[in-house]
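Me: I have a model open and want to learn to read it. Can we go through it one feature at a time?

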Amino acid sequence: MWRLTRHSLSSLFAICIGLPVDAGTVPVVPHGVILVKGATPGTSDSVTPLPEEGKVAGDRYNNAYFNLSYPIPAGWTEEPAGPPPSDGGSYVLTQFAFWDREPQRVKAHVLVSAQDLFFSANAAQSARELMASLRRGVVPQYEIERGPEEVKIASRTFYRVAYGAPIVGLHWRVLSTDARCHALTFTFTGRDKAALDAAERAMSGISLAKESDAPLCVKGYAHGDNVIEKTEPYLATRRFNTIPVRVTIDGEGRVKHVHLLSAFPDQSEAIISALRAWRLKPYIVDGKPSEIETGLVFGTPRAVARGNAAGSARR
Amino acid sequence: MKSRTTAVLTLGVLLFALQAFSQSDPGIRGGPPGAGGPLASVAANNPITILNFFNDAKTRFEEVDSVNGTIRGEKGKGLGPRFNAMGCARCHAFPATGGTSPAVNPQIVDAGADGAVNLPPSFVTLSGPVREARFIFFTDSAGNPIPSQPNGGVEDLFTIAGRSDAGPCTTSVISQPDFASAVAHNNVIFRIPTPLFGGGLVENIEETDLLSYQASVASNSFGIAGTFNHNGNDGTIARFGWKAQNKSLELFAGEAYNVEQGVSNELFTQEHPTPEEERVLGLPNPCKLNATPEDHTNFNVGSIDTLSDSVQFAMFMRLLAPPERSPDTPGGTDSIKKGEEFFNKIGCEVCHHNVFPSFSSSITPSLDNQKMNLFSDLEIHHMGSKLADNVSQGTAGGDQFRTAPLWGLGKRIFLLHDGRTPDLLKAIDQHSSTGSEANTAVLNFNALANTEKQDLLNFLRSL
């Protein structure tokens, strides 16, 4: 947590518990570290994978939550990590860029992002709808080059939109697929078409779990008659923030896992504690109870562009 | 042969010149301030007498304070016992009254005015920005920061001790915070004054417009997803200050009067102690020299004089016209136009949103259903580890900041929340770091050729 150039961990510990600090040590607040945080992600356990926890290993970006392994295009380097998940369910998972070193200039880059479709301020309910919405949104600011169109990459269906800004010379190629009720999106941007082409071709080496292998996700399931027992969390401080929460419900209708995308620590604690007491009707698939993921919003709901009501079950 | 050699040499020189050309911040735009005057309808005195209110408000805004208002040239009353500067316009000065930090920092003079014995901290210099300081964490008695105790409150730079009007409030009872220790522990962060031009327009943006805009860019291709800071009492969107922590101009004025000048008022009714003093017994009694609130409604006097200073400060901000843009400076019309296109297309405009409408106004026509070129969505965004100041305000965390409105940028000397640089290029670079929502936009900026970056910089300095 702290820069340890002029002091030791023991001195920091001593400060924290109120003991005298060794003479000659100067605990320094580390430069460039975000220590005082606002709303952050929270979880009920530390073992269940979360969307924001992907990592680069060798020449691939791996994300256990999406069961995604993405081959980083050759010569592309990892850029600084993005922000934490937003209160609208938006994730920046990772980002890579292809630099011309002399002169120092970006030729192309890719933003790997995800939009949790349970919480989007956009009315889109799928990757396909999101790409259609993107297409509508970029006109007339940008020039559509192609799409939206359906493309197959590594046996998965992606929806692709290509557009550009002629005056800037930039091109965007956006590919999005459905993954656990998220729109998992790869946004390639750059001026170097060859680099963009190569990066898009490299997508063929992607590995991503089949949607049928992912847990069933059911929008709006934890509401109304589906809820047998519930305890409302006691949020002691009014902050007016939106708290989107993904929960896994087991076959017996118990809350198995909680992921708060954006909450203050006391809110996380209260919500996790309350949700442990919830009991829902088991979700039945082919006559058998099934484990599902669903979403809940606590705090102040976020403004939504259009109706974003409960939907049906989706893989 | 000779002509061929000349041609090769010329080509070589040209190529060298092209390679050597690199973009640079054109710097502060010359010419008249283009700001500081009243809204057009206020200048036209519509409704009748409103111009008198503006002029009176400006006079008060420019007033210099002393402790009891009896020192010549310092007729404002209530300075200190802790303060950062002796008047609003000391700091909100450039390019005109209501702006931000001037080239020569008045805090150096204020530190020693009228016999005061303050030592300016190392981070306050004559040619540096006006600064307000905050400690990130509370400290133990040795000055060591305690990570479990976030502070974040304003540590006023100066005290009135030593001044001819300070009476018993001497250095034996009050002292400056230990800034040297805070600097040594990297436990201090800074803020510069926000420019106030066009404040009434900002105040009059309907929440529906802010929320609609936020929803409309929810599926942007830049990894941007901001949120709003909310007023803790009624839950509505707060919009003033570096972290959008203040709901209204009046709150903003009342807080600043109290915190920056030490003048208690009807909104912030007690004298402002340091956060450390607040944890024990507050300010020392010998330094509580005036009855409170020091600024208040003036009973039984003529019309404009009835109003308190803080109400009039808010009125001044409310009636200030927005800054003027230049259509051709720097770089010429074409360059500015191209630069704006780049700005819009590469992702800057998602947060630095150009146009918002104002709602219908009960005050004056120039606030009524007007379009404003604010260049801000008024949302708070994660700005990453380079810009994080580790101070939380409202729901804004240590790395979240309100999108700074860019109108008037051409006439700002010091940039970013702490004035760390006068260079636009560095300011843009600082937007990119671990945890920042601006990383993609900065990558796009770095995809531009140098001449195109120059266009974008010219556009920014035309604002």
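**Strands, cores and contacts**

Reply: Start with a strand pair. Strand β1 (residues 40–43) of chain A pairs with β16(A) in the antiparallel sense, over three bridges. Within that pair, A:T43 stands opposite A:H259. Keep in mind that this is a predicted model.

Me: Which strand do five bridges join to β16(A)?

Reply: That is strand β15 (residues 242–249) of chain A, and the two run antiparallel. Here A:T248 has A:H257 of β16(A) as its bridge partner. β15(A) and β16(A) form a hairpin with five residues between them. In the turn, A:G253 has a positive phi of about 85°.

Me: Why is β16(A) described as largely enclosed?

Reply: Count its buried residues. Seven of the nine residues of β16 (residues 255–263) of chain A are buried, so the strand is largely enclosed by the rest of the structure.

Me: How do I read a helix, and which residues of α4(A) are buried?

Reply: First, the general idea. An α-helix has 3.6 residues a turn, so residues three or four places apart point the same way. Now the case. Helix α4 spans residues 265–275 of chain A, and its buried residues are A:Q267, A:S268, A:A270, A:I271, A:I272 and A:L275. Those buried residues pack against β1, β15, β16 and β20 (292–299) of chain A.

Me: What about the largest nonpolar core: which residues touch the most other members?

Reply: The general idea again. In soluble globular proteins, nonpolar side chains tend to be buried together. In this model the largest nonpolar core has 193 residues, and A:I271, B:F313 and B:F316 touch the most other members. Helix α11 (residues 309–319) of chain B gives the most to this core, with seven residues. Take B:F313 as the example. Leaving aside neighbours within four places in sequence, B:F313 is in contact with B:A57, B:R60, B:F61, B:C88, B:A253 and B:Y257.

Me: How many residues does each chain bring to the contact between A and B?

Reply: Chain A brings 62 residues and chain B brings 56 residues. On chain A, the elements that each supply at least two residues to the side touching chain B include α1 (9–16), β6 (90–101) and α2 (127–138). β7(A) gives the most to that side, with six residues. By class, the side of chain A that touches chain B has 35 nonpolar, 20 polar and seven charged residues.

Me: Is B:Q370 buried or exposed?

Reply: B:Q370 has 20 other C-beta atoms within 10 Å, so this residue is buried. The cut-off for buried is 20 or more. B:Q370 lies in the loop between β10 (355–357) and β11 (371–373) of chain B. Beyond four places in sequence, B:Q370 is in contact with B:L201 and B:S358. B:S360 is 10 residues away along the chain, and its C-alpha atom is 8.4 Å from that of B:Q370.

Me: In the open sheet of chain B, which are the edge strands?

Reply: Read the order first. Three strands run β7-β4-β9, with antiparallel pairing. The edge strands are β7 (154–155) and β9 (188–191) of chain B, each pairing on one side only. Strand β4 (residues 132–135) of chain B meets β7(B) over two bridges. There, B:R134 stands opposite B:V154.

Me: Where in chain B does pLDDT stay under 50?

Reply: Over residues 14–20, for which the model has zero contacts beyond four places in sequence. Where pLDDT is low, the predicted coordinates should not be read in detail. Chain B averages a pLDDT of 95, and 95% of the residues score at least 70. The model scores ipTM 0.91 and pTM 0.93.

Conventions:
Residues are numbered from 1 along each chain as its sequence is written. Chains are lettered from A and ligands numbered from 1 in the order in which they are written. This is a predicted model: local features need pLDDT of at least 70, side-chain atom pairs count only at pLDDT 80 or more; totals for chains, interfaces and linings use all residues. Two residues are in contact if their C-beta atoms, placed from the backbone, lie within 7 Å. Helices (H or I, at least four residues) and strands (E, at least two) are DSSP runs, numbered from the N terminus. Ala, Val, Leu, Ile, Met, Phe, Trp, Tyr, Cys and Pro count as nonpolar, Asp, Glu, Lys and Arg as charged, and the others, Gly among them, as polar. A nonpolar core is a set of buried Ala, Val, Leu, Ile, Met, Phe, Trp, Tyr and Cys residues joined through C-beta atoms within 7 Å. A residue is buried if 20 or more other C-beta atoms lie within 10 Å of its own, exposed if 12 or fewer, and partly exposed in between; C-beta atoms are placed from the backbone. Two strands pair if DSSP finds at least two bridges between them. pLDDT is the predictor's confidence in each residue, from 0 to 100.
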